[in-house]
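Trainee: Could you walk me through this model before I set anything up with it?
Mentor: Gladly; have a look first, and then ask whatever comes to mind.

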Amino acid sequence: MTRLLVSRIGQAAIVLLLAFTASFLLLQALPGDAILIKYQNPEMGLTPEQIAEIRVLYGADAPIWVQYGNTLWNFLQGSFGYSVQAGVPVNPLLATNLPPTLRLASLGLVVAVIIAGALAFAATLAPFAWLRNLLQSLPALMISVPVFWLGIMLIQIFSFRLRLVPIINPSEFQALILPVVTLSLPIAAPLAQILIRSLDEVQTQPFVSVARAKGASRAWVLWRHVLRNALLPVLTIAGVLFGELLAGAVVTETVFGINGLGRITEQAVSNQDTAVLQAIVILAAVGFVLINLLVDLVAPLIDPRLNTPIGASA
Amino acid sequence: MSLIPSNALRRKVQSTLAAVLLTGVSAMAVVAQERPVQGGTLVYLEQQAHTNLYPPAGGFYPNSGILNQITDKLTWQNPETLQNEPWIAESWEINADATEYTFKLRSGVTFSDGTPLDAAAVARNFDTFGLGNKELGYPVAEAINNYDHSEVVDAQTIKFVFKKPAPGFLQATSVIGSGIVAPSVLDQPYAELGDATKIIGSGAFVIESEVLGQSLNLKVREDYAWGPANVDHQGRAYLDAIQYIVTPEDSVRIGALLAGQADIIRQIQAYDEPQVEAQSYTVLSAPTRGVNNNVSFRPENPLVRDLKVRQALTAATNSAEIVSTLFSSHYPQATSVIASTASGYVDLSEKLAFDLEKAKALLDEAGWVPGADGIREKDGAKLELNVYESLPQPQNRATLQLLSQQWGVVGVKLNVLAGDSGSAATDNLDPLKTPLRPAMVGRADPDVIKSNFFPTNRDSLLQKGGSNANATWEDPELNALLLSIASEPNPEKRIALTGDVQAYLLDQAYVIPIFEEPQVFASAPYVHDVSFDAVARPSFYNTWLSAR
């Protein structure tokens with residue numbers, strides 16, 4: 001187990017370095033940069049010499065490999081540099097924006113899992129074939145709804161028409177309701193789709209017929225026997241959905257005007273705020289690595305067969 | 001147009017009529033109804049987060065919307081007369097050739113951290129604005145030309161000395177970029193002034209707290225007693241607090257205002273105005289009094305180097321149609337390079353007349369003949385131009401698309417590009433990729449024309465010696481005219497030169513002005529007396545809230 005962990009951490013370090021290098025090179029290859037975008041803006045009224053001086057100040061005039069080395073060294077020391085656009089260091093920017101996004105994303109995931117589970121059970125247990133078909137086609141509809149449209153519709157209906165929750169100056173709880181719903185629906189859809197299909201597949205297996213023949217009810221069999229076997233593909237996809245959560249947060253946070261990683265990502269992309277983007281890429285890479293590690297560790301608990309080393313039977 | 005004068009006038013007329021026609025008791029009732037009430041928090045929805053609160057960075061609207069509440073200036077430019085009137089400076093003297101300015105400061109003014117706003121503090125501010133600070137990264141302020149040094153005469157007297165005549169300096173002391181901050185602010189690196197809590201001014205409001213990129217809370221300064229001398233209201237502001245909330249989505253800002261969740265919002269598009277007015281909410285529009293919203297040519301590009309081509313495109317532009325199709329009455333059609341409310345304006349609408357036949361004839365004369373696909377050609381090259389939309393300008397993409405249709409009628413193809421901001425910023429420096437560019441500048445002084453066109457300023461035409469290192473094209477006559485405006489001490493001569501340069505720019509067809517750009521806000525019916533400075537920056541010093 002320790003050996004596994006050490007090798008996984010080694011892998012993670014390599015993944016992170018590759019992610020850092022790739023994002024650095026890609027961001028450098030883009031035309032223009034954050035300094036040009038912010039200071040060439042006529043509203044700032046700066047002369048070309050002044051812009052060149054600002055460039056020196058940010059160290060953006062150095063050769064690319066020097067900049068790479070400097071940035072990497074600073075990252076290793078935990079300093080992410082300055083956001084050109086926001087005019088503040090990146091570290092406090094992340095410290096302010098990470099917690100709300102984590103809260104939004106984790107609540108979004110929990111609600112998505114609940115919705116997906118409820119939908120999958122209903123679609124499998126519903127009494128009539130037409131109802132089962134209807135419920136089974138719901139995820140396809142949910143996945144096709146654009147997140148920004150959903151967000152704006154929810155705001156228009158629940159905040160501006162029905163006036164149930166304010167968008168401006170909401171309480172901490174109110175502030176989460178609509179964004180969490182907006183974020184969770186598109187995440188719930190693929191989860192539900194996979195769970196429905198996986199439940200269907202497992203239900204056709206002989207042990208299910210055996211359990212039914214022994215007199216167990218459909219719901220009991222589903223809950224006790226089928227679900228556990230059907231959960232593995234869902235867990236795998238949940239790791240991938242982390243990326244979807246981050247992407248969904250970009251739109252959700254912008255539409256609802258709430259602070260978070262998604263919103264600063266969107267701003268950093270459109271302003272080519274390299275320092276911020278690099279920090280976010282590394283943060284996201286760390287997130288992916290951790291979640292996949294977690295999935296790998298949890299999977300054997302659900303399916304003990306995975307615990308047997310592959311070479312053991314040979 | 002600005003609503004301040006009309007509101008003030010209406011109030012005067014109303015109370016006069018009331019006094020004459022009604023009994024004393026009912027007259028008092030009317031006056032009482034109109035009397036400002038103290039208290040309340042104003043919720044202000046802003047489209048974008050502020051970027052840097054160093055006062056000269058106030059050209060960016062989100063920055064200036066905050067700076068205008070927390071800083072004071074030496075002089076106050078009366079938005080009605082455009083004259084400079086006393087504020088922190090009680091009086092001033094200017095020598096004959098406008099190279100020395102001496103200001104006598106009001107006593108007893110303090111910054112919100114308790115330190116005095118005296119001659120030394122003012123000197124520190126203007127030395128930084130006028131000369132920059134390379135070590136800490138402060139750039140030179142755009143509004144201040146030819147600055148040499150300051151001299152502290154005594155605690156309340158400060159003298160500024162210029163290398164060359166600086167006739168625009170008095171007005172420059174009143175602009176948003178000349179807000180005075182505590183000297184301790186200017187000890188911090190420029191790159192860290194995006195943090196609002198670090199900004200200490202002497203204004204009627206003080207920064208209380210901030211959630212970076214999301215919201216900002218201002219609270220009233222109880223001991224504020226140094227508003228502009230000629231403003232009726234003195235003492236503390238009526239509001240207790242102002243809350244800025246960044247709400248990027250247009251529909252959410254308007255919806256929140258109409259649903260009673262916000263009190264005032266910035267940036268509403270012309271097509272949303274009827275929706276606001278239909279519910280008896282107020283659309284507040286303030287003129288920016290500078291260079292009109294326009295497209296400027298880059299004559300370095302061979303396609304637009306020929307004067308006839310530029311004149312033809314000017315004649316093919318139907319700005320009346322653009323204004324009536326896309327905008328509202330708050331966006332007057334342009335009649336010169338600068339707005340009709342700007343200082344030094346001359347009506348040159350006859351040079352901007354829409355005339356398709358003239359446009360076609362000029363293009364024929366220039367040797368551009370229609371090709372098989374209707375687009376004009378000459379020596380195998382097509383008359384096809386690229387332009388990037390400018391995101392901060394109102395409905396700029398739609399404006400350019402309509403312009404593209406209008407030019408298409410005379411056989412010129414205009415491609416409207418919407419690239420990422422990096423590509424746009426890079427390509428806009430290359431005249432071969434972008435033969436024209438949308439532009440506008442707001443500042444109520446003739447210097448504004450130089451700001452837009454001079455190579456070492458915004459360099460709209462991309463001349464030699466400006467932002468494009470490879471440029472070879474320049475117009476020395478234009479540049480000489482622009483420089484003379486910036487250093488002509490005689491006000492009448494300066495206004496005459498401003499007229500000359502407007503005519504010259506249009507005769508050379510370097511720029512096609514389209515409309516006078518306003519800043520449009522919307523507010524709830526219970527929000528009163530929002531005022532704007534000469535370039536449409538809101539001030540909430542006089543603002544008060546009546547019962548909802």
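**Sheet, interface, core and domains**

Mentor: Let us start with chain B of what is a predicted model, where an open sheet of three strands runs in the order E14-E15-E16 with antiparallel pairing.

Trainee: Which strands are at the edges there?

Mentor: The edge strands are E14 (369-370) and E16 (381-382) of chain B, each of which pairs on one side only. E14(B) is joined to E15(B), residues 376-378, through two bridges in the antiparallel sense, and within that pairing Val369(B) stands opposite Glu377(B).

Trainee: OK, switching to the contact between the chains: how many residues come from each?

Mentor: Chain B contributes 46 residues to the contact, and chain A contributes 46 residues as well. On the side of chain B that touches chain A, the elements giving two or more residues are strand E10 (241-246), helix H6 (250-258), helix H12 (421-427) and strand E19 (436-441).

Trainee: Which one gives the largest share, then?

Mentor: That is H12(B), which supplies five residues to the side of chain B that touches chain A. By residue class, this side divides into 20 nonpolar, 20 polar and six charged residues.

Trainee: And the largest nonpolar core, which residues touch the most other members?

Mentor: In that core of 232 residues, Ala188(A) and Leu195(A) touch the most other members. The largest share of the core comes from helix H8 of chain A, residues 174-203, which gives 14 residues. Because domain 1 (41-287 + 520-545) and domain 2 (290-516) of chain B both give residues to this core, it lies between them.

Trainee: What is Ala188(A) in contact with, apart from its sequence neighbours?

Mentor: Once neighbours within four places in sequence are left aside, Ala188(A) is in contact with Ala112(A), Ile115(A), Ala116(A) and Met142(A).

Trainee: What does UniProt place at residues 98-299 of chain A?

Mentor: The unreviewed UniProt entry places the feature "domain: ABC transmembrane type-1" at those residues of chain A. In the model, the span 98-299 of chain A is 86% helix and 0% strand, and its end C-alpha atoms lie 28 Å apart.

Trainee: Back to the two domains of chain B: how far apart are their centres?

Mentor: Taken over C-alpha atoms, the centres of domain 1 and domain 2 of chain B are separated by 31 Å. Between these domains, 24 residues of domain 1 are in contact with 24 residues of domain 2, and the domain 1 side of that contact divides into 13 nonpolar, seven polar and four charged residues.

Technical notes. Residues are numbered from 1 along each chain as its sequence is written. Chains are lettered from A and ligands numbered from 1 in the order in which they are written. This is a predicted model: local features need pLDDT of at least 70, side-chain atom pairs count only at pLDDT 80 or more; totals for chains, interfaces and linings use all residues. Two residues are in contact if their C-beta atoms, placed from the backbone, lie within 7 Å. Helices (H or I, at least four residues) and strands (E, at least two) are DSSP runs, numbered from the N terminus. Ala, Val, Leu, Ile, Met, Phe, Trp, Tyr, Cys and Pro count as nonpolar, Asp, Glu, Lys and Arg as charged, and the others, Gly among them, as polar. Two strands pair if DSSP finds at least two bridges between them. A nonpolar core is a set of buried Ala, Val, Leu, Ile, Met, Phe, Trp, Tyr and Cys residues joined through C-beta atoms within 7 Å. A residue is buried if 20 or more other C-beta atoms lie within 10 Å of its own, exposed if 12 or fewer, and partly exposed in between; C-beta atoms are placed from the backbone. Domain bounds come from an automatic or database domain assignment. UniProt positions are given in the numbering used here, feature names are shortened, and annotations may be inferred rather than shown by experiment.
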